[in-house]
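Dear colleague,

Please find below the structure that I am handing over to you. My findings follow it, arranged by topic.

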Amino acid sequence: MPAYLKTLGRKPLNTWSLLVAGALFCLLTNAIPGQTSSFKIESVEGAQKPDRDDVDVSEFVVSTKDPHLKELLSEHPSTTRVSFVISPDKKWIFEHASYGSRMAGGQLFKRGNGLKFDALPGDFDESVWRFFAREEKIPEEKVPFFAGDSHEGIIDFVAWSSDSARVLVSLRAGDFDGNRQRGVYLWYAYFNTKEGKFELTDRLRSANEGAWERWENFGEERAGKFKELTTAERVDQSARSKSEKK
């Protein structure tokens, strides 16, 4: 089930969360916003229903040459804020969604025929946090996303690699083990579009070493001085790929 379907009725992101998310989106590199020379993404709101405060929104991939040519990409309630980043090769779309306070994630869509893009199977948000738990060697039930039904945790888009083979995301969440002071900030991971799985490189492992300590200063004046990754590595430049060629 898409993550946004679990979030109806949740509160909007607080001001600080929106400011941080906005700052990260300003750092996007090697990526194309929701429009290319051949297609763009357009939102269409449905009719207001008397028993609801929000409306359903349909997102369409639309030809820039012929507006009548379009394909449905995704649907979500208007309370879920979404934005899209198209890969450099125009074969992938990353949808970033803000579900509510302390909750944000995404979905990946792969291009099929024409303007058709299909969501990858499985829950992207859930998969990211399971990968995080394995890498950090902590029980999944200790991760806020899996604690109860809150699905707390924020996944931010960072960048597409220039070869479109990797999408870089960062994670942040607090309340590990029920402790408000225990959390991670700027914990990075790749999704490898060629292999269809999450992965880390030496560069990301090095960056992630300070994720737990960074949380202690999250929101403080020093937080902005942390070095943030804004680019993604090509697959053929990774240490793993180089070793395989030898």
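**Findings**

I begin with a loop residue: R102 lies in the loop between β5 and β6 (103-111). With a relative accessible area of 28%, R102 is partly exposed. R102 and I154 are 52 residues apart along the chain, yet their C-alpha atoms are separated by 6.1 Å. Please bear in mind throughout that this is a predicted model.

**The protein as a whole**

The protein has 246 residues, of which 46% count as buried. Its secondary structure consists of five helices and eleven strands. Among the contacts with a separation of 6 or more, 55% are between residues 24 or more positions apart.

**Helix α2**

Helix α2 covers residues 124-136, 13 residues in total. From its first C-alpha to its last it reaches 18 Å, close to the 18 Å expected at 1.5 Å a residue. The buried residues in this helix are F124, D125, V128, W129, F131, F132 and A133.

Which residue has a side-chain oxygen close to the backbone nitrogen of D125 at the start of α2? It is D123, whose oxygen comes to within 3.0 Å of that nitrogen. D125 itself belongs to helix α2. Its relative accessibility is 2%, and because buried means under 20%, D125 counts as buried. The side chain of D125 also makes a polar contact of 2.7 Å with the side chain of Y99.

After the helix comes K137, whose phi is positive, near 55°.

**Two residues with positive phi**

K137 has this positive phi although it is a residue other than glycine. It is placed in the loop between α2 and β8. Is K137 buried or exposed? Its relative accessible area is 73%, and K137 is therefore exposed.

K90 is likewise not a glycine, and its phi is positive at about 65°. The loop that holds K90 runs between β4 (81-86) and β5. At 24% relative accessibility, K90 counts as partly exposed.

**The nonpolar cores**

The largest nonpolar core contains 42 residues, and W129, F132 and V143 have the most contacts inside it. Two or more residues each are given to this core by β5 (92-100), α2, β8 (153-160), β9 (166-173), β10 (184-192), α3 (202-208) and α4 (211-215). Strand β10 supplies the largest share, eight residues. There is also a second, separate core of ten residues, which includes F39, I41, L73 and F117.

W129 deserves a separate entry. Leaving out residues up to four places away in sequence, W129 touches V143, F145, F146, G153, I154, I155, L171, R172 and A173. One of these, F146, is located in the loop between α2 and β8. F146 and W129 are 17 residues apart in sequence, and their C-alpha atoms are 8.5 Å apart in space.

**Aromatic rings and charges**

How many aromatic pairs are there? The count comes to twelve. In one of them, the rings of F94 and F124 have their centres 5.7 Å apart and their planes at 80°, so the pair is edge-to-face. This pair links distant parts of the chain, since F94 is in strand β5 and F124 is in helix α2, 30 residues apart. F94 and F124 are both buried.

F94 and F124 also belong to one aromatic cluster, together with W129, F131, F132, F157, W187, F191, F198 and W212. The ring of W212 has the charged end of R182 over it, 4.2 Å from the ring centre. Elsewhere, the charged end of K70 sits over the ring of F60, 4.8 Å from its centre.

**In brief**

W129 is buried in α2, is one of the residues with the most contacts inside the largest nonpolar core, and is part of the aromatic cluster. D125, also buried in α2, has a polar contact with Y99.

With kind regards

Terms used: Residues are numbered from 1 along each chain as its sequence is written. This is a predicted model: local features need pLDDT of at least 70, side-chain atom pairs count only at pLDDT 80 or more; totals for chains, interfaces and linings use all residues. Side-chain values use heavy atoms; hydrogens and water are left out. Helices (H or I, at least four residues) and strands (E, at least two) are DSSP runs, numbered from the N terminus. The expected span of a helix is 1.5 Å times one less than its number of residues. Buried means under 20% relative accessible area, exposed over 50%, partly exposed in between (1.4 Å probe, protein chains only). A polar contact is a pair of N or O atoms within 3.5 Å; within protein, one must be able to donate a hydrogen and the other to accept it, and residues adjacent in sequence count only if both atoms are side-chain atoms. A nonpolar core is a set of buried Ala, Val, Leu, Ile, Met, Phe, Trp, Tyr and Cys residues joined through side-chain atoms within 4.5 Å. Contact means heavy atoms within 4.5 Å. Rings of Phe, Tyr and Trp (its six-membered ring) pair if their centres lie within 6.5 Å; planes under 30 degrees apart count as stacked, over 60 as edge-to-face and the rest as tilted. A charge sits over a ring if NZ of Lys or CZ of Arg is within 6 Å of the ring centre and within 35 degrees of the ring normal.
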